[in-house]
Every structure is written in C-alpha cells, then in structure tokens.
Amino acid sequence: MSSESMSLFGENHIHQPLADAMRPQKLDEIVGQHELLDAGQPLRQIIDKGIAISLILWGPPGTGKSTLAYVMAKTLKLPFEKFNASTENKAVLQKFVSKYPNESFVLQLDEIHRLTKPIQDFLLPYLESGQILLVGTTTENPVITINPAIRSRCQLFEFKPVTANDVVPVLQRTSQKIYQFDLAEDLALMIGNSANGDVRVALNILETLVAMHGKELSHEQIAEFAKNQHFVFDKDSTNHYDCLSAFQDSVGGSDTDAALYYLSVILNSGDLESAVRRIRDLAYMFIGLADSHAVDTAMIACQTALQVGLPRASTHLAYATITLCLAPKSDSAVMSYNLANEDGKESNQLHRMPSYLRDAHYKHSVETTGGGDMLNPFDQPHQIAKQQYLPDNLIDRHYYKPRENKREQALNQRYQALRQYIYAPQSKQDNKDNHE
C-alpha cells in the first residue's frame, strides 16, 4: 500500500474517498456555479442571509449539489441529515423528525425525482411547519419529474457542468494536502478536461493516477488512462462539448459527412448518452413537422442504440444521423411555441378561457362554473365541434407558422380549414348559446 493512500484511511482502516476528504466546508470553496454562488447572486444571498427556504438543485453529477446542502447546513448552524429516495423508506424520515422535535434541520434528499407519493405526503406538513429545510438534489428537470406540491414549496436552481479551469485549483490543492506534491497546472487541466465537468470524477482520476504512478505524473499517463476509461480526453479545451455542438449544428445544416465525423469523435470517447440526447433533441428542433417519419425513425434508432450499447450502437446512431441530415428542415414547432409563449407567460387572468373548458372532475362543477359543459366533438359532424376554445381576446391569434416545405404546406391547408370550420361559421354569441 502506498504512503499516499494511507492518508485516506481512518483508524478503522475504511477507505475515505478522495472526493469526500476534500469536500468543501464553506461556500467560497465550492467550485463553479458562479451565476448562483458568487457574491450578490441569488442562491448565495439566500444562504448568506440565513433565509429558511427549501431548495431543489438539479444538474449533472459532480457539480456540487450535495456539497451545497452540507455547506448550507453548516452556514445556518442547523443539523444535517441525508436521505436517498431510491433506496430508503419513510421510516428513515420518521426517525429524523423524531430526532429533532423542537428544531429545524436540513434534509438533503437525493434522487428527489424518485419520491413516492406516501413519502411526499409525509414530507409536506414538515415543509409547511419549517421543521424540515429541504435541499432536494436530482439530475432530472424538476419541472417535469417532481410533484407540483413539493416543487411549489421550493426554490429551483440549475447547476451547470463545472469547467476544467474551475477544477484545476481543486486538484492542485488536493495534491498538496493529501499527497504532498505540487501538481503542474497543465497536468491538472488535462485531468479536469478528462472529467467532463464532474469534480468527483476529476478527484477519482487523480487518486487512481497517483496510486498507479506516484507523484511523477506525465501527460502520456493521463491521456492513456482517460482513453482506456472512456473519459473525455482533451488537453487544451473543453473540446467534447464543442464536438457535441458541432454535431448538432452539422445535422441542422444538412452536412451528412460532418455530422458523421463529429458523431464518431463523440462515440470514441464512450459518451453514448450525450449522442443519443443530442439526436433526440435536434430531431424535433431542426426537422420537426417537415418530416415526422424521419423524427420517429430517429427516436426508434436511439432507443435501440441504448439497448444495444457500444460499439454496435454506432450503426444505429449513424442511421439516425444520416436520416436527419437528409430530411427537410423546419423549426416551426419552436417558433410557433415562442409566439404562443408571448401570451402564455402573461397572467392567465388576462386571457380567460371559455367557461365550458374548465375542469369538470368535481361534483356540481357544471352548475357552479360551467366546467365541462362543452360540445363533445365525437357527437358532431366530422368529429369537430364548432365551439370557441381560445380566450375572447386571443381569438384572432395564429401561433402556428408553417415553413415552406411540402409536408407543412399540406398541414397548413388543414390547419386553415380547421380554423375556418371551427370559428368562422358562427358568431361568439352563437357559440355561447350552444352551451346554454
């Protein structure tokens, strides 16, 4: 056993991970997240001013979410407990609540997007009373994955990947404190770039390299290790993210050869998930309604690629890439939503919906609000009800703006015909009379 690794063993000879040994103890030691944690930024102010509010932190692994929860508890001088929604049950939370009957405590709830409904129901009253100051952490978008009842009681903050330059001082400080040697800046930058924006991974790479080669590390040793472990190796810049961007833009620009080249660079780094994520995104962003069959084809190819895995998955993603490059392009879904969002982001009190569109699941809703008392399209000619759906003051809005490709021009003809059929033949008063 090397003398360097001995410093990470306690008296009971249980190894302490390097990332845990170097966990920041105060806000100024957390790297990255400048838009959240620099002086005067919103999350920094919440913690510095001791504002007792629950948080949901979301973003990639190794970006400081769990560390922030721990540092927040230390800063507020509150007890700190951890709970994992994937592996632990309600009994653990009950134990925490009983442990602190007369004081608040910070609860770091990892994998919060996996909360079951019984645990959500258990948490709510303690969030309301303030006994639990929740810091939920997740890699998933909380707007999509987290119950609105929990989400509405928290402030949401997105954590971004940490840059290699931000990781350099952490690695240099670690090499001095734990291993008693000075790590050159260019070597630290190589490790930081290899870690793909994950501080924990960067520290794990350093720990392994020192165990393998001692204090005399070389560029060649770092490059070879990163390659063999399928880490992203990039000596000079965050080239991996550049390649992802270039891949996406090449598909959008219909350059099949360029897209295939950048895809190969991404897959040679072992990053299947990022390639799949980009293809799924750009299929809707760049092709969309111009060729829905091409979009569906790409989605199926991506799903198959994840099931098959590398290296064979490269064929499936190449198939998807070529299909999307050669497909006609349209951003009409993006542009149409942006137009609708100009009205949608305003208070919905400004644009009141027709009463018969309101929720009808509760007793007497029709009598009290008119909710649900609408014409059933399936009882009408052509299965289309001639009734108003837009709020009165938005009745003349046309959000869908088709591009000039063959398929969307056909869709536009149907769109215009439906609008005319639904709205034109009758006045608003006639529409109102149909529901009285």
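**Close-up views**

**View A. I144 sits in helix α8, residues 142–145.** Helices (H or I, at least four residues) and strands (E, at least two) are DSSP runs numbered from the N terminus. The model is a predicted one, in which local features need pLDDT of at least 70 and side-chain atom pairs count only at pLDDT 80 or more, while totals for chains, interfaces and linings use all residues. Residues are numbered from 1 along each chain as its sequence is written, and side-chain values use heavy atoms, leaving out hydrogens and water. I144 counts as exposed because its relative accessibility is 69%; buried means under 20% relative accessible area, exposed over 50% and partly exposed in between (1.4 Å probe, protein chains only). Together with V143 and L156, I144 forms a nonpolar surface patch with about 290 Å² of accessible area. The areas come from the Shrake-Rupley method with a 1.4 Å probe, and for residues only the protein chains shown count as cover.

**View B. K82 belongs to strand β2, residues 80–84.** With 48% relative accessibility, K82 counts as partly exposed. Beyond its neighbours within four places in sequence, K82 is in contact (heavy atoms within 4.5 Å) with E88, F96, L107 and Q108. V135 lies 53 residues from K82 in sequence, yet their C-alpha atoms are 9.6 Å apart.

**View C. Here is the largest nonpolar core, with 29 residues.** A nonpolar core is a set of buried Ala, Val, Leu, Ile, Met, Phe, Trp, Tyr and Cys residues joined through side-chain atoms within 4.5 Å. L171, L183, I191, L203 and L206 have the most contacts inside this core. Helix α12 gives the largest share, eight residues. Leaving aside neighbours within four places in sequence, L183 touches L171, Q172, S175, A188, I191, L206 and L217. A second, separate core of 28 residues includes F247, A275, I279 and A320.

**View D. L310 and P311 are joined by a cis peptide bond, with omega about 10°.** P311 is in the loop between α17 (292–308) and α18 (313–326).

**View E. E111 has a positive phi of about 55°, though it is not a glycine.** Most residues other than glycine have a negative phi. E111 lies in the loop between β3 (105–110) and α7 (117–129).

Conventions
Patch = residues over 30% accessible without salt bridge, like charges linked within 9 Å, V, L, I, M, F, W, Y side chains within 5 Å. Salt bridge = Lys/Arg side-chain N within 4 Å of Asp/Glu carboxyl O.
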